[in-house]
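Subject: Structure handover

Hi,

Here is the structure I promised to pass on.

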Amino acid sequence: MSELTVTAIRFGFLILLWVMVALIIGALRRDLGVNGPRRAGSAAPQAARGSSSRASAAPATPPAPARVRPTKLVVTEGPQAGTVVELADSPVLLGRAQESTLVLADDYASGRHARLFPQGSRWFIEDLGSTNGTFVGSEPLVRAIPVEPGTPLRIGKTVFELRN
């Protein structure tokens, strides 16, 4: 074989190697739910730009009724179905670690998986960098968001919700 052929084959294998690496990274990102820039944050600036002209034309809406803050966290599905945690004014740590407020017997939960915390009359949930993610309804959690009573929250095979 000529030297040119050997060099071309080497470059071909190098390109093939990088294509395989890119495919593996893409599959890992898809499996872990990492989809590049956060989509939830990218829509906000567009909504803010368009809302200024509409806000002046729209009539004022009546104030929302006072919210009653949920008092219980209830596990509805999974290995600990039926477990109830009474909520106070302190955050609730969810995970497999023994120092968690609700210790999850779920192989898909991280040691310090997620945190529920009160703010005003609402509870918010945030993922603490878990491996398998936290889901609100069927959507993966990308930032701390408020949780309404009755909304299913899922960590691995465990589903729970806030109740009054």
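To start you off: which residue in E11 is the bridge partner of Val-75? That would be Phe-160.

Before the rest, some housekeeping. This is a predicted model, so I kept local features only at pLDDT of at least 70 and side-chain atom pairs only at pLDDT 80 or more, while totals for chains, interfaces and linings use all residues. Residues are numbered from 1 along each chain as its sequence is written, and side-chain values use heavy atoms, with hydrogens and water left out.

**Overview**

The protein has two helices and 11 strands; these are DSSP runs numbered from the N terminus, with helices being H or I of at least four residues and strands being E of at least two. Along the sequence the pattern reads α-α-β-β-β-β-β-β-β-β-β-β-β. Of the 164 residues, 26% are buried, where buried means under 20% relative accessible area, exposed means over 50% and partly exposed is in between (1.4 Å probe, protein chains only). The protein exposes about 11000 Å², and carbon and sulfur atoms supply 60% of that; the areas come from the Shrake-Rupley method with a 1.4 Å probe, and for residues only the protein chains shown count as cover. Taking contacts (heavy atoms within 4.5 Å) between residues at least 6 apart in sequence, 40% join residues at least 24 apart.

**Around E11**

Back to the strand from the opening question. Strand E11 covers residues 158–163, and five of its six residues are buried. Strand E1 (residues 72–77) runs antiparallel to E11, and five bridges join the two; strands count as paired if DSSP finds at least two bridges between them. Strand E10 (residues 153–155) also pairs with E11 in the antiparallel sense, over three bridges. One of the bridge pairs there is Ile-155 with Thr-158. E10 and E11 make a hairpin with two residues between the strands, and Gly-156 takes a positive phi near 60 degrees in it.

Glu-161 sits in E11 and counts as buried because its relative accessibility is 14%. Leaving out residues up to four places away in sequence, Glu-161 touches Lys-72, Leu-73, Val-74, Thr-76, Gly-150 and Thr-151.

**The five-stranded sheet**

There is an open sheet of five strands in the order E4-E3-E5-E6-E9, with mixed pairing. Strands E4 (102–103) and E9 (145–147) are at the edges with a single partner strand each, so one side of each has no neighbour in the sheet.

Strand E3 (residues 92–95) and strand E5 (residues 114–119) run antiparallel and are joined by three bridges. Val-92 has Leu-116 as its bridge partner in E5, and Leu-93 has Arg-115. Leu-116 also has a bridge partner in E6, namely Ile-125. E5 and strand E6 (residues 122–127) pair antiparallel over six bridges and form a hairpin with two residues between them, where Gly-120 in the turn has a positive phi of about 65 degrees.

Is Val-92 buried or exposed? Val-92 is buried, because its relative accessible area is 3%. Beyond its neighbours within four places in sequence, Val-92 is in contact with Leu-73, Leu-87, Thr-101, Ala-114, Arg-115, Leu-116 and Trp-123. Val-92 and Phe-117 are 25 residues apart in sequence, yet 6.3 Å apart in space, C-alpha to C-alpha.

**Salt bridges**

The structure holds three salt bridges, each meaning a side-chain nitrogen of Lys or Arg within 4 Å of a carboxyl oxygen of Asp or Glu.

- Arg-115 pairs with Glu-126, with the closest N and O atoms 2.6 Å apart. Arg-115 is in strand E5 and Glu-126 in strand E6, 11 residues apart.
- Arg-122 and Glu-148 meet at 2.5 Å, N to O. Arg-122 lies in strand E6 and Glu-148 in the loop between E9 and E10, so this pair ties together parts 26 residues apart in sequence.
- Arg-163 and Glu-161 meet at 2.8 Å, N to O. Arg-163 is partly exposed, with a relative accessible area of 37%.

**Surface patch**

Finally, Met-1, Val-6, Ile-9, Phe-13, Ile-15, Leu-16, Val-19, Met-20 and Leu-23 form a nonpolar surface patch with about 930 Å² of accessible area together. Patches take residues with over 30% relative accessible area and no salt bridge, joining like charges within 9 Å and nonpolar side chains (Val, Leu, Ile, Met, Phe, Trp, Tyr) within 5 Å. Met-1 is in the segment before helix H1 (3–32) and counts as exposed at 82% relative accessibility.

Cheers
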